Amino acid sequence: PLVGTQNISEKGFCSCDLSVTSNNSGIYDWPEGVPGQNISQMCQYGIIGQYITRYCDDNLTWREDASKCPTVVTDQINQLNSAIKNQTVKTYNIINISTQLQKVVSQATTMVDQSASNLAIVTSVISQISIVTLSSPDVPVSNNTLINVFSVLSNIQTWPSMVLNSSGSVIVNLFEKIATQYVQQVNFTFLDFTQDKARIVAQRISLLTLVKAGIGFSTESSSDQISANSSGVPTMSSLPKLKASVHLPPSLFSSILSNITDVGIIITVYKTVSLFPVMDSMGGVSVSPLIIGITVTTGQQIRNLTNPVVFNFSIPNAVSSNGTFSNVLNYTCASWDFKASGGMGNWIPDGCYTSQMNGTENTTIQIQCRCFHLTNFAVLVDISQRLDRNSTSNPLPPEIDIISKVGIALSLFGLVITVITLLLIKKIRQKDISKYHIQLCCALIGMLLVFVVGIDRTENFGGCVTVSVLIHYFTLAAVMWMGA
C-alpha cells in the first residue's frame with residue numbers, strides 16, 4: 001500500500017533531509033528529493049532484488065511503497081530458523097519453539113511474508129519437532145505442542161496455493177505423526193480443538209467396544225461439532241442434516257493384537273482444500289469443500305480391510321442467479337496418497353468406491369464412499385462437466401443459437417438440392433466439374449450434420465473425440481474438393 005507523507009521545504013522541494021520512516025517492513029533513512037524523483041532502498045528484511053521505493057509527486061508529497069518488502073514477521077521466522085540451527089529442538093525447549101512458530105505464522109498475513117522460503121522454514125521446524133517427538137517416546141508430548149502445530153496447520157491454509165503445493169502435504173503428514181504420538185500416551189483420554197480452517201477430535205476407546213459395534217463420527221450442518229456414535233452406518237435419508245460422517249466397521253479392530261486394551265482414534269476435518277490440491281494432469285477436477293482424515297493408533301498400517309470404512313459427504317450444489325442448478329455429472333471418492341506426485345501428494349481413487357449418490361436436483365448432493373484403507377478422504381468433482389442450461393453466463397444468447405440452427409438447416413437444404421440437381425440432369429452430371437461439386441457438397445453435408453448432432457455431446461469422452469475427428473475430417477475433405 002502507498003503511504004503519503006508531506007514534507008515541503010522552502011525551496012519547493014520534497015524534502016526529507018535526515019528523515020526517518022518506520023513501518024512493519026523496517027526503519028529507513030531517506031535523502032531529499034525533487035518532484036518526479038524515485039528513490040529506492042533495499043528492504044530491511046528482504047533479499048537482494050527486493051526494494052522499498054519513495055516517490056515525490058507534483059504536489060510535493062512523498063509516497064512510499066513498501067508492498068514488495070517482507071515485514072518483521074519474515075525476520076522473526078529467519079531468527080527462529082537461526083536459533084534452531086544454533087540450538088536444536090530438544091524435549092526441554094519443544095514447547096517454547098512450537099509457541100514461537102505458532103505466533104509468527106499467525107502474524108504472516110501479507111503475500112510477501114507468505115513466501116515459499118518462509119514455508120520451507122516452517123516445514124523444517126515442524127519436521128524437527130516431529131523427529132524429537134518420535135525419537136523420545138518415553139517423554140510425553142505436551143498438549144501445548146500439539147495445539148501449536150495444529151494452529152500452524154490451520155493458519156497456513158490461507159497462504160497462496162502455489163506456495164503450499166510443494167510443502168502442504170508434508171506438513172499434514174508431520175502433524176499426523178505428532179498427533180499419533182500424542183494420542184498413544186498412557187494418560188491420554190480425549191481431545192477436541194477447533195481452528196478457523198480445521199478441527200481435530202481424538203479419543204481413546206475400549207477395544208472390546210469397538211470390536212462389537214465399530215464406531216461412527218459425524219459433523220452436522222448446523223455446527224462444526226464432531227460427535228461419536230455406535231449406531232452404525234448413517235442412512236442416506238439422514239444425510240441432509242450432516243456435513244459428513246464416517247463409520248469404522250468392527251472388523252477393522254478385530255485384527256488388533258490381543259494385548260491392547262484400548263485404541264486411539266483421531267478425526268481431522270479440514271474446511272479448505274489448500275493443503276490437498278489436485279496435482280498432475282487431472283484437469284477439470286476439483287475437490288469437495290470438506291476433507292476428513294482418519295487415524296487409528298494401532299501401530300500398523302491399515303489397508304485391505306475386509307469390510308469398508310463408510311464415508312458420507314453432503315456437497316453443496318452450485319445454484320445460478322436465476323435459481324437453476326449447475327449440476328456436476330461426475331463424482332469420484334478418493335483418498336490422499338502422501339507419496340504420489342514425487343512426494344508432493346495427490347488424490348487417487350484406488351481403494352475407494354462411490355456406492356450411492358442422491359439429491360442431484362437439490363441444494364446439496366449426498367455422496368456415499370466405501371474405502372478399504374485409512375488416510376484423508378474427500379470427493380473429487382468433475383467441474384469440466386458442469387451443466388447450467390439456463391445460466392446467464394452462457395456465452396451464446398438463445399437468439400444466436402436459433403439463428404445458427406436455422407442457418408445450418410437452410411445450408412443443408414441447399415446442399416441437398418444441389419446434389420439432387422447435379423445427379424438428375426444428365427448433361428450436367430457428365431461434366432468432371434459436377435463430380436467435384438457433388439463430393440464437395442457431400443463433405444459439407446457431413447460436416448454440418450455432425451456439428452448439429454454432436455457439438456453439445458460433451459458428457460462422454462469417447463463421443464466427444466469421435467465428433468471432433470469427424471468434423472475435422474469433413475472440413476479437410478471440403479477444403480481438398482474446393483481446390484480440385
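Me: Is asparagine 304 buried or exposed?
Reply: In this predicted model, asparagine 304 is found in the loop between β14 and β15, the latter spanning 309-316. A residue counts as exposed when its relative accessible area is over 50%. Asparagine 304 has a relative accessible area of 73%, so the class that applies is exposed.

Me: What is the value of phi near which asparagine 304 lies?
Reply: Most residues other than glycine have a negative phi. Asparagine 304, a residue other than glycine, has instead a positive value, and its phi is near 55 degrees.

Me: Where is serine 341, a residue with a positive phi, placed in the chain?
Reply: Serine 341 is a residue other than glycine, and its phi is near 55 degrees. With a relative accessible area of 21%, serine 341 is partly exposed. Its place is in the loop between β17 and β18 (346-348).

Me: Which helix supplies the largest share of the lining of the second largest pocket?
Reply: Three elements, α5 (161-183), β14 (291-296) and β17 (331-337), each supply at least two residues of the lining of the second largest pocket. The largest share of that lining is 5 residues, and the element that provides them is α5.

Me: How many residues line the second largest pocket, and what is the pocket's volume?
Reply: The lining of the second largest pocket consists of 30 residues, and those that lie nearest its centre are Glu176, Gln301, Phe338, Leu374 and Thr375. By class, this lining has 15 polar, 9 nonpolar and 6 charged residues.

Me: Are α4 and α5 roughly parallel or roughly antiparallel to each other?
Reply: Two packed helices are described by the angle between their axes and the distance between the axes. For helix α4 (residues 143-155) and α5, the axes come within 10 Å and cross at roughly 160 degrees. The crossing of these two helices, α4 and α5, is left-handed. Angles over 145 degrees count as roughly antiparallel, and α4 and α5 are therefore roughly antiparallel.

Me: How far apart are the axes of α2 and α3?
Reply: Helix α2 (residues 94-107) packs against helix α3 (residues 116-135) at an angle of about 155 degrees, with their axes 11 Å apart. That angle makes α2 roughly antiparallel to α3. In passing α3, α2 makes a left-handed crossing, and the distance between the two axes is 11 Å.

Me: At what angle do α1 and α2 pack?
Reply: Helix α1 (residues 72-86) and α2 have axes that lie 9 Å apart. The two helices, α1 and α2, are roughly antiparallel to each other, and their crossing is left-handed. The angle at which α1 and α2 pack is about 160 degrees.

Me: Is asparagine 148 buried or exposed?
Reply: Asparagine 148 lies in helix α4, and its C-alpha atom is separated by 7.8 Å from that of leucine 101, a residue 47 residues apart from it along the chain. Buried means under 20% relative accessible area. At 11% relative accessibility, asparagine 148 therefore counts as buried.

Me: What distance separates the C-alpha atoms of alanine 179 and isoleucine 266?
Reply: Alanine 179 has its place in helix α5, and at 1% relative accessibility this alanine 179 counts as buried. Along the chain, alanine 179 and isoleucine 266 are 87 residues apart, while their C-alpha atoms are separated by 7.9 Å.

Me: In which strand does isoleucine 292 have its place?
Reply: Isoleucine 292 counts as buried, at 3% relative accessibility. From isoleucine 292 to tyrosine 270 the separation is 22 residues in sequence and 6.5 Å in space, C-alpha to C-alpha. The strand in which isoleucine 292 has its place is β14.

Me: How far apart in space are phenylalanine 313 and threonine 364, C-alpha to C-alpha?
Reply: Phenylalanine 313 lies in strand β15, and at 3% relative accessibility phenylalanine 313 counts as buried. In sequence, phenylalanine 313 and threonine 364 are 51 residues apart, whereas in space, C-alpha to C-alpha, the distance is 9.6 Å.

Methods:
Residues numbered from 1 in each chain as written. Predicted model: local features only at pLDDT ≥ 70, side-chain atom pairs only at ≥ 80, totals over all residues. Heavy atoms only, no water. 1 Å grid on protein atoms, 1.4 Å probe; cavity = no way out; pocket = protein on both sides within 12 Å on 5 of 7 lines; lining within 4 Å. Helix = DSSP H or I, 4+ residues; strand = E, 2+ residues; numbered from the N terminus. Nonpolar A, V, L, I, M, F, W, Y, C, P; charged D, E, K, R; others polar. Buried < 20%, exposed > 50% of the residue type's maximum accessible area, 1.4 Å probe, protein only. Axes fitted to C-alpha atoms, helices over the stretch in contact; angles between N-to-C directions. Parallel < 35°, antiparallel > 145°, perpendicular 65-115°, else oblique. Left-handed = near helix turned anticlockwise from the far one by under 90°.
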